[in-house]
Amino acid sequence: MEQQLSPAAIDEPAARGAVVAPPGVVARTVHGLNRYLREVGALLWKDLLIELRTRDAFVSMLVFGVLSLTVFNFAFELRADSVALVAPGVLWVAILFAGTLGLGRSFSHERERGSMEGLLLCPVDRSSIYVAKLLANIVFIVAAEVVLVPVFGSFFDVSILKPGIVAVIILGTIGFAAVGTVFAAMAVNTRAREVMLPILLLPILLPLIIASVKATGLLIDGEPWSATWAWVNLLIVFDVVYLVVSFLVFEYVIEDWG
Amino acid sequence: MSVLGRAAAPQRFPSIRLRPLDLLGLVAFVLIAVSMGMALLYAPTELIQGDPQRVFYVHLPMAIVSYIAFVIVFVSSILYLWKRRIVYDVVARSSAEIGVFFTTLVIISGGLWGQATWGTFWQWEPRLTFTFILWLIYVAYLMLRQAAQDKERVARFAAVLGIIGFADVPLVFASVYLWRGIHPEPAGMPQAMATTLFVSIAAFLALFSYLLIHRIRVDRAREELDEMLATVED
């Protein structure tokens, strides 16, 4: 990125009124960041637009998620006394299964239409492709959760819409998508790609699953936030670790596509 | 190179000459034999657990060896992505295979001990759970190697998973311990037990080094054979 920043390039946004900054390190950084965010924004908008037009990932995630909840209902014969015990697990398995399905679709356009070559030819930092895909995946999974979680709450008569639980679900989703985006890009380039994604993803996600289920369970039971803190902490650490690691390694996954 | 050199020039009389690797193998074999002897005969019987505790002299060294194997996978994965030399990939793959092999034995030996002590083969006990999750991660690693197509991509994807997988180790550790509370640590052990354990660890480290070097050589030999076959076909 740095070597592309000629003095002219620094003046460019100022001319457009986007950034008026003095020359120097700060200006370069601000300009670089602005440009990076614009690239990410453009790539993200492309994915959101495709999804808005096809509703590919959203519909399949939602239907599959609701189906899982239904299956669990009969598998566990949820009665009043057992609901509290298994409810957090049911919710998270539904989210993970539905989300894995959505992640599996996240590079299908790049695969089937060969559009990754186009992305790789773009004069953008490669990591912005990761950031955009990650944000798109988070948006899609959260969109599915916005419907799934209330459905879960009413199906199993659990009061789920508490701020703490929402925070845990969002933290869990970020970590899930951070690892899932890298593995989705790998799995789509292997044989048996539908099988490969969950096999790669679920073992790595186990700490996140344990922490999310525990935290959700404690919060459903009405435990105070302090009792949940250790688990939320673990979720945050998981998110940070995998946002950084995935950001660093994603470039190697896409360097030779197809 | 030496493998190829000897294969290319058939010897009329096979000479018995100890290469350093054979020597290492011999050392590993002798040490394993000695440590098994010590574990069964020399080490005192544990007061509470009785004889089943002796499985510990195999179990712990194998666990240590498999953790070392996964560290090697991690380091050589980084080195591969950085330097792009195929040898790092070979080391990572060989180490992962041996690591999974030993982890499998760790789980089985732990289960046998559990059967005798707890009365069940499997308990969702933190350390067992931790080892089992590691096993799952590295089985996935080996499966990914099978599923990706060309050689370069296998190496690259595997290296990415080698890094992501290893970053998970402390997280898995923290989560399973938080989940099930703290496992009681064994208080000090008598000198004879400690000595036996020490010899066993040395034995398994020697065995691991031998297997790893051997596995890498086999891989390189196979590579050279592939190249030769490709040349012949042209």
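The points below cover confidence, the chain interface, salt bridges, and the pockets and cavities of a predicted model.

1. Basis. In this predicted model, local features need pLDDT of at least 70 and side-chain atom pairs count only at pLDDT 80 or more, while totals for chains, interfaces and linings use all residues. Residues are numbered from 1 along each chain as its sequence is written, chains are lettered from A and ligands numbered from 1 in the order in which they are written, and side-chain values use heavy atoms, with hydrogens and water left out.

2. Confidence in chain A. The average pLDDT (the predictor's confidence in each residue, from 0 to 100) of chain A is 86, and 89% of its residues score at least 70.

3. Confidence in chain B. Chain B averages 85, with 89% of the residues at 70 or above. Its confidence is lowest in helix α1 (residues 2-8), at a mean of 47, and highest in helix α3 (residues 56-83), at 94. Over residues 1-6 of chain B the pLDDT stays under 50, and the model has 7 contacts for them beyond four places in sequence.

4. Interface. Contacts join 31 residues of chain A to 30 residues of chain B. The buried area (accessible area, with a 1.4 Å probe, that two parts lose on being put together, summed over both) is about 2800 Å² between chain A and chain B, and carbon and sulfur atoms give 73% of it. On the chain A side, Met186(A), Arg191(A) and Tyr252(A) lose the most area to chain B, together 18% of what that side buries.

5. Salt bridges. The rule (a side-chain nitrogen of Lys or Arg within 4 Å of a carboxyl oxygen of Asp or Glu) finds 16 salt bridges over all chains, and 3 across the interface of chain A and chain B. Asp256(A) and Arg156(B) form a salt bridge through their side chains, at 3.9 Å from N to O. Within chain B, Glu152(B) pairs with Arg84(B) at 4.0 Å, N to O. Glu152(B) is in helix α6 of chain B and Arg84(B) in the loop between α3 and α4 (86-117), so this pair ties together parts 68 residues apart in sequence.

6. Second largest pocket. On a 1 Å grid over the protein atoms alone, a pocket is an open set of points with protein on both sides within 12 Å along at least five of seven lines, a cavity is a set where a 1.4 Å probe fits but cannot get out, and lining residues have an atom within 4 Å of a point. Volume is the space filled by probe spheres set on the points, which are joined across faces, edges and corners. The second largest pocket holds about 520 Å³. Its lining has 21 residues, and those closest to the centre are Ile209(A), Ile210(A), Val213(A), Lys214(A) and Trp179(B). Two or more lining residues come from each of α4 (80-105) and α9 (193-220) of chain A and α5 (126-147) and α6 (151-180) of chain B; α9(A) gives the largest share, 8 residues. By class (Ala, Val, Leu, Ile, Met, Phe, Trp, Tyr, Cys and Pro nonpolar; Asp, Glu, Lys and Arg charged; the others, Gly among them, polar), the lining has 15 nonpolar, 3 polar and 3 charged residues.

7. Cavities. The whole structure has 2 cavities of 30 Å³ or more. The largest has a volume of about 150 Å³; of its 15 lining residues, Glu51(A), Arg105(A), Ser106(A), His109(A) and Phe140(A) are closest to the centre. That lining has 4 nonpolar, 4 polar and 7 charged residues. The second largest cavity has about 40 Å³, and its lining has 4 nonpolar, no polar and 4 charged residues.

Conventions
Helices (H or I, at least four residues) and strands (E, at least two) are DSSP runs, numbered from the N terminus. Contact means heavy atoms within 4.5 Å.
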